[in-house]
Amino acid sequence: MLSILVLHGPNLNLLGLREPGVYGIVTLDEINHQLTQEAEKLGVKISFLQSNHEGVLVDAIQGAYSQHQGILINPGAYTHTSVAIRDALAGVAIPTVEVHLSNIYRREAFRHHSYIAPIAIGQISGFGSDSYRLGLLALVEHLKKTL
Ligand code: DQA
């Protein structure tokens with residue numbers, strides 16, 4: 001059975017409270033619950049980790065090697081700053097889909113650049129909590145075609 005690791009970066013633990021006008025009112029637990037249901041429908045295994053710490057995310061990506069066939073990641077603000085997360089994803093070469101709740105290209109200029117996008121299969125940005133569900137679907141369809 002395909003196994004997918006979902007990584008949530010910094011401040012995503014605050015979803016529901018945090019800038020609801022930008023990120024909506026759905027909590028991280030609710031997003032994980034929706035993804036669990038979606039994974040059941042798709043017939044894949046799914047695991048979750050949220051961390052506010054770059055190194056913890058790097059360790060999780062390294063630990064995914066030979067354990068998970070795909071990574072779905074919302075790197076949060078590390079999207080725009082982290083060469084380390086990009087290098088870890090490139091290093092383990094696990095197919096990755098990048099997701100964002102907000103449309104990062106409609107926001108401040110500093111959010112327009114992603115260090116992750118060039119090493120990801122693709123990016124889904126701007127559909128609120130649905131970005132995760134759409135990202136999981138895109139990742140699993142990609143894996144089923146290629147593995
Ligand atoms: C985000 C967008 C980032 O720019 C921001 O730093 C986040 C959340 C999103 O899901 O829209 O923390 O990744």
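Here is a short briefing on the fold and the ligand site of this model. The structure is predicted, so to speak of local features a pLDDT of at least 70 is needed, side-chain atom pairs count only at pLDDT 80 or more, and totals for chains, interfaces and linings use all residues. Residues are numbered from 1 along each chain as its sequence is written, and side-chain values use heavy atoms, with hydrogens and water left out.

**Confidence**
- The chain has a mean pLDDT (the predictor's confidence in each residue, from 0 to 100) of 97, and 100% of its residues reach 70 or more.
- Helix H1 (residues 20–23) has the lowest confidence, at a mean of 90, while strand S3 (residues 70–74) has the highest, at 99.
- Helices (H or I, at least four residues) and strands (E, at least two) are DSSP runs, numbered from the N terminus.

**The sheet and a helix on it**
- Five strands make an open, parallel sheet in the order S2-S1-S3-S4-S5; two strands pair if DSSP finds at least two bridges between them.
- Strands S2 (45–50) and S5 (122–125) are at the edges with a single partner strand each, so one side of each has no neighbour in the sheet.
- Strand S1 (residues 3–8) runs parallel to S2 and is joined to it by six bridges; Leu7 has Leu49 in S2 as its bridge partner.
- Helix H2 (residues 28–42) packs on the sheet and touches S1, S2 and S3, where contact means heavy atoms within 4.5 Å.

**The ligand site**
- Residues around the ligand (a heavy atom within 4 Å) include Arg18, Tyr23, His80, His100 and Arg107.
- Ligand oxygen atoms are 2.8 Å from a side-chain N or O atom of Asn74, 2.8 Å from a polar backbone atom of Leu101 and 2.9 Å from a side-chain N or O atom of Arg111.

Technical notes
Axes are lines fitted to C-alpha atoms, for helices over the stretch in contact, and angles run from 0 to 180 degrees between N-to-C directions. A polar contact is a pair of N or O atoms within 3.5 Å; within protein, one must be able to donate a hydrogen and the other to accept it, and residues adjacent in sequence count only if both atoms are side-chain atoms.
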